[in-house]
Amino acid sequence: MNAYVLGLLTLNSIMIIFALSLNVITGYCGQVSLGHAAFYGIGAYTSAMMAVAGVPFLATIPAAMVLSAIFGYFVGLTSLRVRHDFLAITTMACGFLFLGVVRKSTFLGGELGISSVPPSGLGSLGDTLLAVGSALVVIILSLYIQKNWTGLAFRAVESDEDAARTVAVNPPSYKLLAFCLGTALAGLAGALYVNYARFIVPDTFSFGTSIAVLAMITIGGIGSTFGVCAGAILLTLFPEVFRFLGNYRLLTYGSLLILVMMFIPKGLAGVPAILYRRSSSP
Amino acid sequence: MIYYADLLVNGLALGCLYAMASVGLTLIYGLLRILHIAHAGVFTLGAMIGISLTNLTSSLVIGFTGAICLSMIAGCLMYRIFYERILREPPHVAVLISIGLLIVMEDSFRIIFGEEGITLHNNPFYLKTVDVAGIQLNVVFLALAAIAVITLTGLAYFVNGTRVGIAWRATVSKPLIATSFGVDVIKVRYLAFGIGSMLAAIAGVMVAVMNNLVEPSFGSVVSYKSLAIIVLGGLGNMNGALLASLCLGLAESFGTAFFDSYLDRNAIAALVLIVVLMARPSGFGRGTA
Amino acid sequence: MKALVPPLLRCERLSQSFGGIVAVSDLSLVVEAGELVGLIGPNGAGKTTTLRLMAGIQTPKAGQIYFGAANVTRLATVNRVRMGFATTHQIVRPLRNLSVVENVMLAAGSARTVSAVRSLFQFSKSIEERKARDLLERLGLSAVADKEPGILPLGQLKRLEVARALALDPKIVVLDEPLAGLNQREASTIADLIVDLNRDGLTIILIEHNLSEVLRICRRLLVLDAGSIIANGDPQTVMAQQNVRTAYLGDQIDAA
């Protein structure tokens, strides 16, 4: 197993976790978040700062998750307060706020970010196994939530909040749960990313990243665990696969986004349904 | 004292710029609940066309006219080709299409006009300032503010004082009800895209003239703040949007002067947005349903 | 000494107004366990507002509401539901992303979804599914149990509303115009169902415009007009009352 393949496996696992984390918030519970990169970033910065200070990597993971979840809780509170139309923009604002603070903060490394993060001590194979293992755990967790009572309640909240109340589902507490879970998992992805890249800069957590992760889940099929995994892998491998496009990569990315959303808005997970309908109509 | 006056004027002018760039966005959001992020691309498109045409014909007037016409067409086409078919889909679909459009537009500008952008060959207005009561004011910035005030006042009169305008405003706030009153909602949509794009193009050309430069990521200055203005202004509420634009302009002007070491421009706008929303979850608008 | 059992539902001098328009004025009513009470009145009398106050969707400007001995005037809807108070809605609101049986299962599983965090540990749905399917069978909806509500006709959606309310195991159900929009045969069927449910021990308040069915099945009538109760008694007596006829017919009828 050469380093390139291990690296690719690690990065894909991290992106799968990141995408599934947004899927809990947006896919299961219907809360559109355009600032999810901030929680990825909070997890990453927490892990990086602690690692640089000498804390062993594995110990930074729970800290990263908890800190992300705390901030996620507060952003979740805003989701309760503002009209649902405004949630997308409010979360986007939270993303920019995070970015703005981090860019200007010398404590957090400013524009240059944090570099020279010490290795975890697990070795490169160990790091990859950790990432892949974590991804598998998150996938199982994701499937579990989809099938259990939380998932059903989430779907009710997403469908119609007032109607959900009449079946004794309290929307605010479920929205908060979705945010806490989703952001904690994003924090996990962030911590793993730091270990993979060994340095982070503010730009890693820009609005573009928030959009990329949203694209992953929508292209893959919002709500569907396996669809989201497929979307994550697709968009992670995209720069590699389309390397030959060189100067026209961004153009292709944008065009792809438009075309996919226009013609298969339910994402890849919705394709079987489209094909089924086509084949069964006269 | 002069310093504060300077910040004040700067802030108000900035607010006018944001207003021009954002009114369209507010209208579109109110009507269709679409976050038309690609509007920033129209802003840049206007600037690019305006500057190119002016360079070609040496006439700023032709540049302006061309920018306005082509931007209006572009805006309406965006609605017709991209948005109209996905109106029934969940909101994230429109957002991603719009972002995709913006990415395509910006990268196209980069490929066509180059990474560095284009400048005006002969710019008599560049860096020209005028002295008003001790404050140095950029001539173009002033002109922009003046044009903004004129067009926005005109628009305000239109939507508050004329029958067509009132119907339009009502449709933007409550599209479903308006249909049952016989209002042609489709026409209203095109009007929103058309006028919004026109205003954005005007603002774009003026900023390009002022800075003597327009480059591919030109729109990013305005884009995210425009979105904040939709929210702050209250759903589709034009008057609220104007007020919000001015407030945001002022906040940014004073904010960057005092807090520059802690937060960048976008973050200040973001903070204002979050704080205002916490206090008034419906924004400045009169809490329309 | 006989202990007095408080009535299941008691509204005491409720008042509600919206920007100057009085919707409900000094309204008091009592419903005992086991009753099948009709709440009728002309359009604009305040029936829907009264329902909303009882359900907790709105808070009254004045007055109190009691479930049994508990004062629920300011209690949130979700909590009133947990106390055993269920309502159906005039404008049906099924959860469109869920199938019919899932809609009812959620209601049946209200104990599992009480706490968001604890719901994470609740996985098994077999009990609630069984209960939901039984209810759907009783309401004649078995054929569409696994379909999504979006395609169903109004009659079936109304029955889904009832199924959802019943799945909550309520002590008292308020049905808001369950017969509206149904043809005579459908309305009669549902009315019979309501009688059956009441016979099984469910306390029901029926808000309805369909007077022929209401008069047929309700044992007591409350008549609402201009925000207040103007009559309270058995159907025969109430409908003969002068003020009731005036309220409905709108002009003075000679007493003689």
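Mentor: Helices are DSSP runs of H or I with at least four residues, strands are DSSP runs of E with at least two, and both are numbered from the N terminus. By that count, chain A has 12 helices and 0 strands, and from the N terminus on its elements run α-α-α-α-α-α-α-α-α-α-α-α. This is a predicted model, in which local features need pLDDT of at least 70 and side-chain atom pairs count only at pLDDT 80 or more, whereas totals for chains, interfaces and linings use all residues. Residues are numbered from 1 along each chain as its sequence is written, and chains are lettered from A and ligands numbered from 1 in the order in which they are written.

Trainee: What makes chain A as compact as a globular protein of its length?

Mentor: The radius of gyration is taken over C-alpha atoms, and the globule rule is 2.2 Å times the number of residues to the power 0.38. For 282 residues the rule gives 19 Å and chain A has 19 Å, so chain A is as compact as a globular protein of that length. Its C-alpha atoms fill a box of roughly 60 × 45 × 30 Å along the principal axes.

Trainee: Why is the radius of gyration of chain B said to agree with that of a compact globule?

Mentor: Because a compact globule of 289 residues would have a radius of gyration near 19 Å, and chain B has 19 Å, the two agree. The box for the C-alpha atoms of chain B, again along the principal axes, is roughly 55 × 45 × 35 Å. Chain B comes to 11 helices and 2 strands, in the pattern α-α-α-α-β-β-α-α-α-α-α-α-α along the sequence.

Trainee: What makes the phi of Arg33(B) worth a remark?

Mentor: Most residues other than glycine have a negative phi. Phi of Arg33(B), however, is near 55°, a positive value, and phi of Ser58(B) is also positive, near 55°.

Trainee: What makes a group of residues a nonpolar core, and which residues of the largest one touch the most other members?

Mentor: A nonpolar core is a set of buried Ala, Val, Leu, Ile, Met, Phe, Trp, Tyr and Cys residues joined through C-beta atoms within 7 Å. The largest one here has 267 residues, of which Ala19(A), Leu17(B), Met20(B), Ala203(B), Ala228(B) and Val104(C) touch the most other members. Helix α8 (residues 171-197) of chain A gives the most to this core, with 17 residues.

Trainee: Which residues is Ala19(A) in contact with, leaving aside its neighbours within four places in sequence?

Mentor: Two residues are in contact if their C-beta atoms, placed from the backbone, lie within 7 Å. On that basis, Ala19(A) is in contact with Val213(A), Met216(A), Ile217(A), Val228(A), Gly231(A) and Ala232(A).

Trainee: How many residues do chain B and chain A bring to their contact, and what makes up the side of chain B by class?

Mentor: Chain B brings 39 residues and chain A 34. The elements giving two or more residues to the side of chain B are α4 (91-113), α9 (220-233) and α11 (265-279), and α4(B) has the largest share with 13 residues. Ala, Val, Leu, Ile, Met, Phe, Trp, Tyr, Cys and Pro count as nonpolar, Asp, Glu, Lys and Arg as charged, and the others, Gly among them, as polar; by these classes the side of chain B that touches chain A has 28 nonpolar, 6 polar and 5 charged residues.

Terms used
A residue is buried if 20 or more other C-beta atoms lie within 10 Å of its own, exposed if 12 or fewer, and partly exposed in between; C-beta atoms are placed from the backbone.
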